[in-house]
Amino acid sequence: MVDQCINTYSALKNGGRRRAVSINQNTNEKVAIKIEEDNSLSVLRNEARMYTDLRDMIGIPKMRAWGNEGKFNYLVIDHLGQSLEDLRIQCGGTLSLKTTLLLGEQMIQRIEALHSRGVIHRDVK
């Protein structure tokens with residue numbers, strides 16, 4: 001499957017040593033691909049379980065694929081849009097008060113929705 005991902009997705013932007021934003025060459029959809037070395041403490045396995053449990057929530061990307069290939073685990077999810085850093089740069093280096101408040105409101109709504117499902121997000125940045 002990792003070979004299939006390499007053939008199906010063309011990398012657009014490397015978001016770190018295990019992440020990339022790519023385009024599915026068959027559907028032209030943007031996706032995020034995460035890859036990790038397989039081990040018993042797989043972060044991606046837990047993340048895939050969360051995407052499955054929260055699949056009907058607003059603001060949660062749809063999981064397109066999850067699995068293992070050789071010594072690697074992979075996760076493919078919808079790409080939801082630009083990062084906050086990209087948005088800040090696009091806005092000339094500073095977000096307006098209105099934009100900041102609207103983003104904050106959305107973040108609080110997402111966290112409340114997670115809590116209503118019994119999920120505590122331990123990595124809010």
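Reply: **The salt bridges**

Arg64 pairs with Glu29 in a salt bridge, and their closest N and O atoms are 3.5 Å apart. A salt bridge here is a side-chain nitrogen of Lys or Arg within 4 Å of a carboxyl oxygen of Asp or Glu. Arg64 sits in strand E4 (residues 63-69) and Glu29 in the loop between strand E2 (19-24) and strand E3 (30-37), so the pair ties together parts that are 35 residues apart in sequence. Helices (H or I, at least four residues) and strands (E, at least two) are DSSP runs, numbered from the N terminus.

This is a predicted model: local features need pLDDT of at least 70, side-chain atom pairs count only at pLDDT 80 or more, and totals for chains, interfaces and linings use all residues. Residues are numbered from 1 along each chain as its sequence is written, and side-chain values use heavy atoms, with hydrogens and water left out.

Arg64 is partly exposed, at 36% relative accessible area. Glu29 is partly exposed too, at 35%. Buried means under 20% relative accessible area, exposed over 50%, and partly exposed in between (1.4 Å probe, protein chains only).

Asp56 forms a salt bridge with Arg117, with 2.9 Å between the closest N and O atoms. Asp56 lies in the loop between helix H2 (43-53) and E4, and Arg117 in the segment after helix H4 (97-116), so this pair links parts that are 61 residues apart in sequence. Asp56 is exposed, at 59%. Arg117 is partly exposed, at 39%.

The structure holds six salt bridges.
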